[in-house]
Amino acid sequence: RWTMPFVCVTTLYVASTSRHPSESKAHFPIAKRTLYSTLPTHADCDLIRPSNLLSIFSSSDVISFTGPYYGRLGNRIVMLRKVLTEAILRGCHVKLGDRPPLEGLQSTYSGFENFAFLHASKRTKPCDDLSTKEWYNFKDFSQRDSMTSDSEAIKCSVSDALRKFFLVNNSHAFGRVCETPRDMVALHIRSGDALQGEYDQISGSFTSSISATTHGGYGPFPTSFYAHVIRDAFATSSPVIALCEDLNSPTCMFLMKVSIVNRNLIVRVGGNLLDDLGVLGCAARVALSWGTFREAILLAHHEHVLDFSFSKNPNCLSGDENQHSETEVVSHCSNLTFYHFRNEQERIEYWSKIRSSNWANSAYQRYL
């Protein structure tokens, strides 16, 4: 039912430059809130770099980040952000294991070399005592007092190091050459792990096969959000590509039908992950999905003008940010346009029945 236009738009602008300039903006914003984020100079963002020289350092100066990884790419980027932050604070280097964070990426780096040793003299334990940490849930950063004054330099240093490692720059995204039209709008629609299940071909009933314990907090954004992004993109003659992991998502099934009658919408299903990352990283604008995969997109869109997300409160910085603040360690420097329900009853129904840590992928929830 939420494929109908029940969405309002709030545009939030954060000072940045654009790799793919575009003058188009979402139509009919009901409010705007300007937020400015001043990043450190480039020199201040060079505290840690990807490297192949980790073997020359003593093991006591190196954190071995060998896994096991938790979850998929977005979670791995969260983990890498944490280990690099702690490495800077402790004056440590970081060595990666044989299993890469992103399979298939032709990155030649074996780890990260720390160029900021100002904290090393205060180190009370060797770096390698952190090699067995579960980084996704790690919160106990060293020398928190120093993070106050150095936080912006640390954040942008970590982001710059990750961009270099994942081969993201002005012409490439995750090693793929940017060949998409400069005004392309891409939709990332989460499916896979959070929407798996099957219909009985005789009765028509749907049986979910997801873990409500694992995925209860990952109810998908409404189809109306993506429909409105498409509408606004078409209003400026921008082409749109929707990337679906599979057709388990009701949104993907809906968009497949739309693409039959509108050739400006391309729906790609089951594409290669690196190819999809290249499209998402090189697109002028991206409609984000709910989940940590957005960490990969925002990493590539550091200098982009405008991305789209869905929000409960038009004044917040990310949809449902408070529920996941413990894993949100990325500084969102990109400009974001947040869509939200105009109708109060629709808003209450969606957030209470889909996004209250109660997502079970039931037939009723999918119908809503």
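Two strands count as paired if DSSP finds at least two bridges between them. Helices (H or I, at least four residues) and strands (E, at least two) are DSSP runs, numbered from the N terminus. The model is predicted: local features need pLDDT of at least 70, side-chain atom pairs count only at pLDDT 80 or more, and totals for chains, interfaces and linings use all residues. Residues are numbered from 1 along each chain as its sequence is written, and side-chain values use heavy atoms, with hydrogens and water left out.

The chain holds nine helices and 16 strands. Of its 368 residues, 51% are buried, where buried means under 20% relative accessible area, exposed over 50%, and partly exposed in between (1.4 Å probe, protein chains only). A contact means heavy atoms within 4.5 Å. Among contacts in the chain with a separation of 6 or more, 78% are between residues 24 or more positions apart.

Strands of a sheet pair through backbone hydrogen bonds, either parallel or antiparallel. Between β3 and β6 (residues 111–114) the sense is antiparallel, over four bridges; here S51 stands opposite G111 in β6.

Helix α6 (residues 273–282) is mostly covered, with eight of its 10 residues buried. Among them are L274, D276, L277 and C282. N272 caps the N-terminal end of α6, with a side-chain oxygen 2.9 Å from the backbone nitrogen of L274.

Salt bridges come next. Side chains of opposite charge can pair when their charged atoms come close. The rule used is a side-chain nitrogen of Lys or Arg within 4 Å of a carboxyl oxygen of Asp or Glu, and by it the count comes to 12 salt bridges. D275 pairs with R176, the closest N and O atoms being 2.8 Å apart. This pair links distant parts of the chain, since D275 is in α6 and R176 in strand β8 (residues 176–177), 99 residues apart. D275 is partly exposed at 34% relative accessible area, and R176 is partly exposed at 30%. R268 and D276 also meet in a salt bridge (2.5 Å, N to O); R268 is partly exposed at 28%, whereas D276 is buried at 12%.

In helix α8 (residues 344–353), K353 and E349 are four residues apart and so are separated by about one helical turn. These two form a salt bridge with closest N and O atoms 3.8 Å apart. K353 is partly exposed at 32%, and E349 is buried at 13%. Salt bridges that share partners join D46, R49 and K164 into one network.

How values were computed. Polar contact = N/O pair within 3.5 Å; in protein donor to acceptor, adjacent residues only side chain to side chain.
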